[in-house]
Amino acid sequence: MLSLPVRAPMLTVLFLVALVLGHHWQLVQPSFTSLYGVSAAWFWCLVVLQAQVVVIFCTMPDLLLRQVSLLMASSRVMTLVVTLLVVITGGLYLMKLNVFTDVLILASALLLARLDLIRIGVLPASGICLLWMSVVVIGGIATATLLPQPTLSLVAEGLRLT
């Protein structure tokens with residue numbers, strides 16, 4: 001288990017991607033909260049929820065898509081409702097909040113990590129894989145909040161010069 005990041009280096013890349021995205025979200029958080037009038041706690045809840053949805057979708061695509069397909073196969077009305085719901089809400093969310101690049105980067109890192117695990121022959125059950133991928137992603141985001149902000153050091157340095 002300890003040699004897994006060495007044998008599957010994309011797990012390390014996934015952690016680093018989560019670290020970079022978490023640091024980016026930490027820098028964006030003050031402007032987002034003031035622009036939309038959302039508290040910092042709600043912002044981080046939404047960020048973690050967004051990351052968790054991406055992890056679920058990328059870790060368990062077979063189970064998730066099978067359930068959606070069964071729901072859509074039940075009737076034409078359900079097909080229309082599910083399609084419109086996914087396209088309209090997903091499209092508006094991705095276009096309005098400019099999070100498409102973040103979601104795409106996180107999803108590709110997750111899929112590459114899964115492929116790397118398959119390459120080395122580690123095939124955990126879907127629930128266990130979901131748990132560990134969630135720990136890696138949310139751990140990277142949480143670690144990023146502990147990193148210092150480079151803008152604060154520039155402001156402090158500017159104040160010392162004057």
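Which residues in α3 meet which residues in α7? The legends below start with the overall fold and then come to that contact.

**Figure 1. The whole protein is built from eight helices and zero strands.** This is a predicted model, in which local features need pLDDT of at least 70 and side-chain atom pairs count only at pLDDT 80 or more, while totals for chains, interfaces and linings use all residues. Residues are numbered from 1 along each chain as its sequence is written, and side-chain values use heavy atoms, with hydrogens and water left out. Helices (H or I, at least four residues) and strands (E, at least two) are DSSP runs numbered from the N terminus. Along the sequence the pattern reads α-α-α-α-α-α-α-α. Of the 162 residues, 27% are buried; here buried means under 20% relative accessible area, exposed means over 50%, and partly exposed is in between (1.4 Å probe, protein chains only). Among contacts (heavy atoms within 4.5 Å) with a separation of 6 or more, 77% join residues 24 or more positions apart.

**Figure 2. Helix α3 packs on helix α7.** Two packed helices are described by the angle between their axes and the distance between the axes. For α3 (residues 40-59) and α7 (residues 126-144), the angle is about 145° and the axes are 10 Å apart. Axes are lines fitted to C-alpha atoms, for helices over the stretch in contact, and angles run from 0 to 180 degrees between N-to-C directions. The crossing is right-handed, that is, the near helix is turned clockwise from the far one by less than a right angle. To return to the opening question, Trp44, Val48, Ala51, Gln52, Val55, Ile56 and Thr59 of α3 meet Ser126, Cys129, Leu130, Met133, Ser134, Val137, Ile138 and Ile141 of α7. By class, the residues of this contact are 11 nonpolar, four polar and no charged. Ala, Val, Leu, Ile, Met, Phe, Trp, Tyr, Cys and Pro count as nonpolar, Asp, Glu, Lys and Arg as charged, and the others, Gly among them, as polar.

**Figure 3. The largest pocket has a volume of about 760 Å³.** Its lining counts 21 residues, and those closest to the centre are Val53, Phe57, Val86, Thr89 and Gly90. Helices α3, α4, α5 (76-96) and α6 (100-119) each give two or more residues to the lining, which by class has 18 nonpolar, three polar and no charged residues. On a 1 Å grid over the protein atoms alone, a pocket is an open set of points where a 1.4 Å probe fits, with protein on both sides within 12 Å along at least five of seven lines; lining residues have an atom within 4 Å of a point. Grid points are joined across faces, edges and corners, and the volume is the space filled by probe spheres set on the points.

**Figure 4. Leu71 and Val68 sit in helix α4.** Leu71, in α4 (residues 61-73), counts as partly exposed because its relative accessibility is 39%. Leaving aside residues up to four places away in sequence, Leu71 touches Met78 and Val82. The C-alpha atoms of Leu71 and Val82 are separated by 8.5 Å. Val68 is partly exposed too, at 31%, and its C-alpha atom is separated from that of Met78 by 9.9 Å.

**Figure 5. Pro30 belongs to helix α2 (residues 9-36).** With a relative accessible area of 42%, Pro30 is partly exposed. Pro30 and Phe43 are 13 residues apart along the chain, and their C-alpha atoms are separated by 9.6 Å.
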